[in-house]
Amino acid sequence: MNLRHAYDVYRGYRVPHLQLIEHRRWWFTFSGILLVLSLIGMIFSGFHFSIDFVGGAEISYTPATPVTTDQIQSALDDFGLTGEIQLVAGGDQVSIRTDSFTDLPNNQDLVKELADQAGLSPQDVNVEDIGPTWGQQISRKAFRGLLLVLVFIAIYIAWRFQWSMAVGGMVALVHDVVITAGIYALVGRQVTPETVIAILTILGFSLYDTVVIYDKIQEITESAALTARLGYTGVVDLSLNQTVMRSVNTSLVVLLPILSLLLFGGDTLKDFAFAMFVGVAIGAYSSIFIAAPVLTIVHERQVRRVAGPAASPAREKATVGTASATAIDAAATKATAGMGGTKPKPKAKPRNKKGQPAKRKRR
């Protein structure tokens, strides 16, 4: 493929001829590796939950005199606390997230020391203590919401298209969520409520891309002649080739703004943007390389179940030919039996006295 041809394919002037379904084992192998790495990350590395989920204290203030992160960390070390320190807008705003220190007998001394560093009074330092109950409620509601979303999506796809497409869509969605969560755990980013929102957003985007492909597949399969000529797998491959560039372009349009947030946003926005970036990229991949191939596998098994366990394309043709021949033989046998099983004897020709055939008299 030359540069001109590639440009025409990208712009949609030409339809590519990619054998996507034929090489589905490659895509499944690649996804299997990603899933294994994701499970390893979730099991061994675990998730780094923010104080919204595990509880803690958030200290924020606007310093009158410049302070450094080393000075703030030194004050926390004096009280045996570790925390996440952020200097926003070049140090104009300080945000500290640390373990809860309301049970410490001298907790006001920490507030006073931080205020003295910043040239403030203790009343100017805002301390907010967050319990783990709120984060646990958010987690439970998010999990319930995720299950409900998956159930309603499966019902919608089965109603709008067919149940085999619902199976492919669900496999792709679970694939996206597991890999996104696993990569998030491997890199050690902090899980915040914004991350949960990002995962739910990822499901919507992945579903949109999958539905576009399934709609094209259903449109082409309505042509009985084309389906008979190419087969169901060939129709799915043709549908993917006709929609692949649309999926790629749509994903690029979404990924570019997310990339700008990932590079230039704040720390909280970066966590949200990272989850979105990984999820959108994996969602675009799964719609083409997972949802459609899984659909063909489910359809092939459904056909085998109807035709018989040992059915294959060549075997099906032989079976059809044998069945036709058997039907013809049965019809011939039935016709013969109806006539008594013997052929009727021809009438004897008249003969003269010498035993020779008699001559016809001419009129």
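Q: Which residue in β5 does Ile59 stand opposite?
A: In this predicted model, strand β2 covers residues 56-61 and strand β5 covers residues 126-130. The two strands pair in the antiparallel sense over five bridges. Within this pairing, the residue in β5 that stands opposite Ile59 is Val127.

Q: Which residue in β4 is the bridge partner of Ser60?
A: Strand β2 also pairs with strand β4, residues 93-98, in the antiparallel sense over five bridges. The bridge partner of Ser60 in β4 is Ser95.

Q: Where on helix α4 do its buried residues lie, seen down the axis?
A: Helix α4 runs over residues 69-78, and its buried residues are Ile72, Ala75 and Leu76. Seen down the axis of α4, these residues fall within an arc of 100°, so they line one face of the helix. An α-helix has 3.6 residues a turn, so residues three or four places apart point the same way. The buried residues of α4 therefore lie on one face.

Q: Which residues are exposed on the other side of α4?
A: The buried residues of α4 have cover that includes β2, β3 (83-88), β4 and α5 (107-118). On the other side of the helix, the exposed residues are Asp70 and Asp78.

Q: Which helix gives the most to the nonpolar patch?
A: The patch has an area of about 870 Å² and is made by Ile33, Val36, Leu37, Leu39, Ile40, Ile43, Phe44, Leu186 and Val187. Two helices, α2 (24-45) and α7 (163-187), each supply at least two of its residues. With seven residues, the helix that gives the most is α2.

Q: Is Leu37 exposed or partly exposed?
A: Leu37 is found in helix α2 and is one of the residues that make the nonpolar patch. Exposed means over 50% relative accessible area, and buried means under 20%. The relative accessible area of Leu37 is 43%, so Leu37 is partly exposed.

Q: What is the relative accessible area of Leu263?
A: Leu263 has its place in helix α9, residues 224-264. The cut-off for an exposed residue is over 50%. Leu263 is exposed because its relative accessible area is 51%.

Q: How far apart in space are Leu263 and Ala273, C-alpha to C-alpha?
A: In sequence, Leu263 and Ala273 are ten residues apart. In space, their C-alpha to C-alpha distance is 9.0 Å.

Technical notes:
Residues numbered from 1 in each chain as written. Predicted model: local features only at pLDDT ≥ 70, side-chain atom pairs only at ≥ 80, totals over all residues. Heavy atoms only, no water. Patch = residues over 30% accessible without salt bridge, like charges linked within 9 Å, V, L, I, M, F, W, Y side chains within 5 Å. Areas by Shrake-Rupley, 256 points an atom, 1.4 Å probe, with all protein chains shown as cover. Salt bridge = Lys/Arg side-chain N within 4 Å of Asp/Glu carboxyl O. Helix = DSSP H or I, 4+ residues; strand = E, 2+ residues; numbered from the N terminus. Buried < 20%, exposed > 50% of the residue type's maximum accessible area, 1.4 Å probe, protein only. Pairing = 2+ DSSP bridges. Arc of directions from axis to C-beta. Contact = heavy atoms within 4.5 Å.
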